[in-house]
Amino acid sequence: MRVRENYLPPTTALGRSDRRLGILLVLPVVFFMLVLVAYPLVNLITLSVQNYNMLSQKSRFVGLTNFIRVLSGGDFWQSLLRTLIYSLGSLIPCSVLGTLFAVLLNKDIPGRSFVRSFVIFPYIMPMVVTCAIFRYMLNDLVGILDHYAVVLGLAPRTLNLFGRYDLAMPGVIAVSVWKYSPMIMIAVLGKLQTISGDYYEAAQVDGANQWQQFWHITFPFILPPLIVVMLMRFIFLFNKWDIIYMLTGGGPLNATATLPMVLYSEAFSSYNLGKAAAIGVMMFVILLICSRFYYKLNEVAEKRL
Amino acid sequence: MTLSHRTVLHKAILYGVVLLLVVVALFPLAWAIFGSLKTSQELYNFPYNLLPQAPTLNNYNMLLSLSNFFRSFTNTFFTSVAATALSLLVACLSGYSLTRFAFPGSKLLKRLILDTYMIPSILLVLPIYSILTKLNLRDNLMAYTLMVTSTTLPFCVWLMTSYFAGVSMSFEEAAMIDGCSRFKAFYKVVVPQLTPAIIATGIQAFILVWNDLMYAKILLSSEENRTLSLVISSMFAQEQVYPWGVILAGTVVATVPVLLMFIFGVDKLIGGWSEGGVKG
């Protein structure tokens, strides 16, 4: 036994050089994560305890003053509520419609793969383009949707959706649903294709109707991954800025001023970087809580597969 | 008899709903394309014609005559290509490492990469703005490219790591027995097998940067550094009277590259999206 060891390749030395190569190869990503993510996050926290003057570029330590100012005003809580209304108000219809579309497009339709590609298109359309076109279609002077809402008697006069206090938020949500339902659809569709046809055959033998088949076979299969995808989507929607900036700019009268929008205008319209950073830190805390949930759910979902 | 009637009816309803879905998904872009070819008079005329009565390229001419429009297009294109290339390079190196070597902290690193994937840009862009201001690097396309990589890099690494995990070790072992160094085996044997995956990941990264508004809006200010997103969004800056024809022409021009990439890679993209989708 001892003799044979001499004939083995020097695995330890190779292993060591390999390990060195392994570390060498991840250095770039570590560098980028430190520069692009870790350092900015630390900087966000330091900004939040300072008062930064944009003109003189001088900052002064102010402790938790920014946080007290953010949390004591009613604005923060109202914006948080609006953010929840926007993100949940978009997420729930997206998930219901996305699941429905996935079940439909999983059926045997001629040209199915083409149809799928078409339906996914809203998801990759540039956000600025999406918003510009929807503003065009919903404009009170040139908008086809606005016009037909009146013609079909859905509205007594031109709507000017994004200019109305009561309708701006539903409008933004509608555009989000149009854009993100396909995303949920793809995720569910991927899962649907892994369900064996045997289950449905057995159910048909037992006389189960379509609805019972969906409820007792399909739904339990897709639920765990659906919840995981929904939570991820919730995190992204909660922090969505571009769609609101493009459609309403947070208005009218703050009707659509969600937290990302408030952070933006606090920093770049009011030039109050400290207060904006304090809002950012609060959003980061909410994110941490959501991401813990995400990992927990992911674990549970993976165990059930 | 009644049964076949019912199935026919079911099929008709199914096809009808699917057709409606396709129309709802594609109508906005189609409407924008038709609108971009209409005269400004026709844009305001009731009732709306679906197809332009007298198609004109006038809106596109006006778009191109905007100062620096071509510059904006190339800015968007080159920053997207550069950020994509950078993300892919870093993602391939780390993806290989994370699936082949166990070194102290490799598990933690994997977890951190997924963590950073979830961090929204809006939280990063504020400190990045203040850092770049201090370094006097604001309104700099190179700095912008580097910073916008923070949106593409985590998901590129994430995706590439899962793709590398699917490549059997036996190929590189064979290459190493034939005398290749480990690194040579990596880029001569493993990477070529992943070309489709790299293309699919690259397309997503490209689309993500191409569609970026936030980093551009906050980090870029001068007219010659503007990206297409900024050009289109700035047309809404004036109150009330918007140049709709030019805006629509702009949306069409900004969509074409994304559309081409999408058509080219749609099958590969759908596979990756099933995992939960890209940021944004």
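Author: The questions below set values against definitions. This is a predicted model, in which local features need pLDDT of at least 70 and side-chain atom pairs count only at pLDDT 80 or more, while totals for chains, interfaces and linings use all residues. Residues are numbered from 1 along each chain as its sequence is written, and chains are lettered from A, with ligands numbered from 1, in the order in which they are written.

Reader: What makes up the secondary structure of chain B?

Author: Chain B has 13 helices and zero strands. Helices (H or I, at least four residues) and strands (E, at least two) are DSSP runs, numbered from the N terminus.

Reader: Which residues of H9(B) are buried, and why are they said to line one face?

Author: The buried residues are B:Ala185, B:Phe186 and B:Val190. Seen down the axis of H9(B), they fall within an arc of 100 degrees, so they line one face of the helix. A residue is called buried if 20 or more other C-beta atoms lie within 10 Å of its own, exposed if 12 or fewer, and partly exposed in between, with C-beta atoms placed from the backbone; the arc is that of the directions from the helix axis to the C-beta atoms. The cover over these residues includes helix H4 (69–100) and helix H8 (170–177) of chain B.

Reader: How many of the residues of chain B count as buried?

Author: Of its 280 residues, 45% do.

Reader: How does the radius of gyration of chain B stand against that of a compact globule?

Author: The radius is taken over C-alpha atoms, and the globule rule is 2.2 Å times the number of residues to the power 0.38. For 280 residues a compact globule would have a value near 19 Å, but chain B has 24 Å. The C-alpha trace of chain B spans about 75 × 75 × 35 Å along its principal axes.

Reader: What makes up the contact between the chains?

Author: Chain B contributes 73 residues and chain A 68 residues, where two residues are in contact if their C-beta atoms, placed from the backbone, lie within 7 Å. On the side of chain B that touches chain A, helix H1 (residues 2–36) of chain B gives the most, with 13 residues.
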